[in-house]
Amino acid sequence: MATITIHEVGLRDGLQIEAQAVPTERKLDWIARLAGAGLRMIQVGSFVNPQKVPQMADTDELFRRLAAAGPPPGVVFSGLVLNERGLERGLACGVGYFCMGVSASDTHSRKNTGMSTAEAAGRILAMGQAAAAAGTGVQVSVQSAFGCGYEGAVPSGRVLDLVRRFVDAGLTTISLADTAGHASPAQVEALAGAVRAIDSRISVTCHFHDTYGMGLANAYAAYRAGVTVFESAFGGLGGCPFTALAAGNVCTEDLAHLFARMGAGAGIDIAAVAEVTRDAAAFFGRALPGIVHRTGPIPYPAA
């Protein structure tokens with residue numbers, strides 16, 4: 001079975017909705033421990049207005065500190081940008097892999113970025129090409145790809161049109177993000193398959209939220225459609241603060257455990273990730289929604 005890759009987004013998508021600020025030193029500790037647990041892609045933060053998302057106020061400092069220390073071998077640190085100013089900031093502090101995206105829902109796009117889908121798409125295409133020209137890795141995403149908390153169902157044709165625009169611009173690493181958590185397994189399998197059929201160069205990532213308890217089922221459906229890269233957050237932290245009903249991401253240790261049981265694991269030390277989750281739970285003073293950090297993993301693949 002094809003081995004999966006997990007892009008850990010807890011430091012960004014996980015923390016952005018939290019009111020209690022996490023100190024920079026604690027973030028650096030979590031990053032080091034997650035990398036030590038075998039996670040090879042870690043999203044450090046987003047380059048956004050700190051007045052709107054205070055948890056991301058130290059993103060530039062985090063990247064500068066990580067660059068000065070040197071990344072662990074084989075680990076990629078990514079950063080999210082929404083606009084040209086964010087890209088400038090990211091390039092200035094040494095980001096080597098940028099994530100950026102466009103919402104297929106016009107309402108969500110306006111709430112998230114202050115731009116319509118059409119305006120955001122034009123700017124993101126130019127930004128993606130600029131980042132690639134600067135020698136960085138680039139992932140572009142279609143947000144609200146499976147539905148929107150404001151608009152409801154999102155036509156798959158709208159998603160596929162955005163994907164085609166990305167590919168025509170030479171941007172072929174593409175994430176399908178279930179921002180509102182509306183995805184269902186059959187829908188995921190169909191849409192992921194349709195995206196992969198557009199162009200053989202496309203590498204698809206899936207990003208699921210567990211708003212309605214279907215995150216792991218959707219990840220399995222995506223895997224059946226050929227997707228092997230997934231974004232998740234330790235402990236199931238997170239949620240978009242600009243969607244109608246914010247809820248956590250698929251939990252990293254639960255996702256890693258699912259695929260390890262299938263024989264498609266990514267060599268991740270699930271117990272070590274669970275330790276970071278327990279530390280975060282103690283910091284925030286509440287239970288986090290993941291499962292395996294409480295039960296412990298089953299230490300062998302299924303028959």
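**View 1. Gly135, after helix α6 of the predicted model.** Helix α6 is followed by Gly135, a residue whose phi is positive, near 90 degrees. Helices here are DSSP runs of H or I with at least four residues, strands are runs of E with at least two, and both are numbered from the N terminus. The model is predicted, so that local features need pLDDT of at least 70 and side-chain atom pairs count only at pLDDT 80 or more, while totals for chains, interfaces and linings use all residues. Residues are numbered from 1 along each chain as its sequence is written, and side-chain values use heavy atoms, with hydrogens and water left out.

View 2. The 17 residues of α6 (residues 117–133) should span 24 Å at 1.5 Å a residue, and the end C-alpha atoms are 24 Å apart, which agrees; the expected span is 1.5 Å times one less than the number of residues. Thr117, Ala120, Ala121, Ile124, Leu125, Met127, Gly128 and Ala131 of α6 are buried, meaning under 20% relative accessible area with a 1.4 Å probe and protein chains only (exposed is over 50%, partly exposed in between). The elements against which these buried residues pack are β3 (76–81), α4 (84–92), β4 (97–103), α5 (106–113), β5 (137–143) and α7 (156–168).

**View 3. Thr117 in helix α6****.** Thr117 counts as buried because its relative accessibility is 12%. A polar atom of the Thr117 side chain lies 2.9 Å from the backbone oxygen of Ser103. Apart from neighbours within four places in sequence, Thr117 is in contact (heavy atoms within 4.5 Å) with Val102, Ser103, Ala104, Ser105, Asp106, Ser109 and Leu162.

**View 4. The largest pocket.** The largest pocket has a volume of about 630 Å³. Of its 38 lining residues, Val48, Leu80, Leu82, Asn112 and Thr113 are the closest to the centre. A pocket is an open set of points, on a 1 Å grid over the protein atoms alone, where a 1.4 Å probe fits, with protein on both sides within 12 Å along at least five of seven lines; lining residues have an atom within 4 Å of a point. Helix α5 gives the most to this lining, with 5 residues, and the lining of the largest pocket comprises 12 nonpolar, 17 polar and 9 charged residues.

**View 5. The second largest pocket.** The second largest pocket holds about 180 Å³ of space. Among the 14 residues that line this pocket, Asp210, Asn249, Cys251, Asp254 and Pro289 are the closest to its centre.

Note on methods
Grid points are joined across faces, edges and corners, and a volume is the space filled by probe spheres set on the points. Ala, Val, Leu, Ile, Met, Phe, Trp, Tyr, Cys and Pro count as nonpolar, Asp, Glu, Lys and Arg as charged, and the others, Gly among them, as polar. A polar contact is a pair of N or O atoms within 3.5 Å; within protein, one must be able to donate a hydrogen and the other to accept it, and residues adjacent in sequence count only if both atoms are side-chain atoms.
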